[in-house]
Amino acid sequence: MYAGRQPIGSVNPIIVSKDGPFLVEQFNSSREVLACGLACSEIFHSSKLVKVLTPSHDLEALSLSQLSANLPTKPLSLHTSAGVLPELQLFLDTLAEHLPPAFRSQDAITSLQITGQDAVWAGVDLLLQLQKIRKFPDMNKVAVSDSSYHGPAASAFGSTTAPFGNEVKTPIQRVFRSPSFQNRFPSESTDKFNARIFDEFQTFLDQNSDIGVLLIEPQSGSSNCGQPWDLPLLHNFISEANKRGIFTLADEIMCGLARHGHVTTFLSQAWDLNVDAITFGKAIATGVEAFAGATLKAGAAEFQRAGRTVHQSHTYAGGSSARALTTARAVLTELSRKDFEVGKRVQYLWKNVVLPIFVTIKKASDGCLDFHGQGLMFGGYFKPSPLYTPQQALKIFRVCCAEERVLPYFVERRGGWMFTPVLDVTEEVLEEAGRRLTAAVKKTGDRLRLLAPPPQPQPQPQPQPQPQLPVVRERFKGPSQNEMDEKQIAIYNDIKKTRSTGVSGPFGPWLANASIANYAQQLGRTCRNELVNFSLKTSELIILVVAAKTKAEAEWSIHEGEARKAGVSELVIDEIKSTWGGGTKVRREVFGCEKTANAYNFAEELCRTTAVSDENYWKLQKDVGDAGVVELVALVGYYNFVSMTLNTFQIMHKE
């Protein structure tokens, strides 16, 4: 029988002892491994761990002695239908002291769970219930970033691996583009990147009016190798959600409990985030006890009036375990001891030990690795190269880490790794971990350089004869006004009066035949301004698709600006431009809206093949009906006519 985290058939190391971060494997007692990336699920070791576990151990010892003597026993667990344990209120009172001030009221609600996954679901459940209580039942979807640890490639919020494949998402999820380092263009400045990401987020919300909850991680865990949000950008996201009546859930399962280094228990308080709920993970009970939860800032009175309950408080969840409640209370008490001494030490280690270690690691990588992070949660990630992918580099790094007997947390899909020691780690252990990681990174860089092909001798350039330049002949741009008859003049004046771009582009050649010019401009006016089933924003997006597929530079130059005015994001414009003249396609998730993606796929295939598959036809027909399909064919056809004219007669933008 097999059980374990790794794929079935894997040989899992059996750890028989721990000395702080040092792990010893069974049958290999001489080989200790320094684990420096596994402690987001833990919090302390050594004397502090003894200190916070002793109260629950004493509680259990008392119960066992009472059981042995056949005496009434202090309950260690209790079915939730029977009542609550006395330890519950003691824990809640202690938790309230650590929450942001706005959460410290009798109107707050806490839902106690077993795992981080359950805690996120609990927070989402509370907030969606509150939307329904406040008479917004249609705001029943959750906005989750494309790099959230608790989505989107999951059938539940609490997993990054979906049992039915990575494309199977929780039905109530809607996915937006995050400010992940992997979503940034190589030469993009921070200001431009943040502006683009926020612009896309606003468009995403415009297109998904059913969003009721925004799920964010103020500092990403393994999903983004410890990357913190840019604080002004995060405030903008939360403010935009608040304006639209969307609740925000701060997922602090990884970064909370002082790990972030800002001398508060929760990062939401340190960064003054106006969020509606916060989660905490199993580190609150040291990882020894199964315990997690979510706290809603306000809503208890509304829940009571509506006759609602905390649905996610399952039978025998963490709130039913006296040991878990006692341990969690002891951990919170230890965090606040001596004016938050633990948090201050985390901040000191961050700035004086960990950050210099990562600067050294980056230097040792010789340019193949970068890093980010704060507090005692940092991450390194391998940069893309023409010779290897970040994932291939990480595979080599794994081997080098094993050779150096160091164990960070490996993040396969990002080609990176995490550094998350316990909060009471010593400087000596951090420095030893730094030495081992630096050696592993240096070995990785050396082995990656071996992948480069040997330099080839360059052939000597041979003198080339100068080609005979052909005589340049100007192609037809249309009749001059002196050459036009009365009918042509009338059409010319009508075009000039009704079009903001004047008589430019294809209209010059078309005026060679007054009827062609007349009916073409009428069709163009309809396609631009009178489509029933497509907004101007979608129409401009489709026009750019045609311009890119037909390589019509003048058409692109004119409509790139028009598309921006209509609300098409810079990301979408850039992605369409990257398909210039080729068979590549824009990624579906870029559009943030199924209807827009379906229109794009229809138009792209029609341009590329002059026909449309059943799949793309029926998806569009379902969205816009038969009349809408006709409109899109007309739009694509008209702008292909425009492109052919511009390309044939070699017309530039200003002509």
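The model is predicted, so local features need pLDDT of at least 70 and side-chain atom pairs count only at pLDDT 80 or more, while totals for chains, interfaces and linings use all residues. Residues are numbered from 1 along each chain as its sequence is written, and side-chain values use heavy atoms, with hydrogens and water left out.

**Overall build**
- The chain has 18 helices and 15 strands, which are DSSP runs (helices: H or I, at least four residues; strands: E, at least two) numbered from the N terminus.
- Of the 655 residues, 49% are buried, meaning under 20% relative accessible area with a 1.4 Å probe, protein chains only.
- The C-alpha atoms fill a box of roughly 115 × 75 × 50 Å along the principal axes.

**Nonpolar cores**
- A nonpolar core is a set of buried Ala, Val, Leu, Ile, Met, Phe, Trp, Tyr and Cys residues joined through side-chain atoms within 4.5 Å.
- The largest core has 98 residues, and Phe 397 and Trp 417 are among those with the most contacts inside it.
- Helix α8 (residues 322-364) gives the largest share of this core, 18 residues.
- A second, separate core of 50 residues includes Leu 544 and Leu 571.

**A helix contact**
- The axes (lines fitted to C-alpha atoms over the stretch in contact) of helix α15 (residues 553-566) and helix α18 (residues 614-648) come within 8 Å and cross at roughly 125°.
- Contact (heavy atoms within 4.5 Å) is made by Ala 554, Glu 555 and His 559 of α15 and Tyr 639, Val 642, Ser 643 and Leu 646 of α18.

Methods
Axes are lines fitted to C-alpha atoms, for helices over the stretch in contact, and angles run from 0 to 180 degrees between N-to-C directions.
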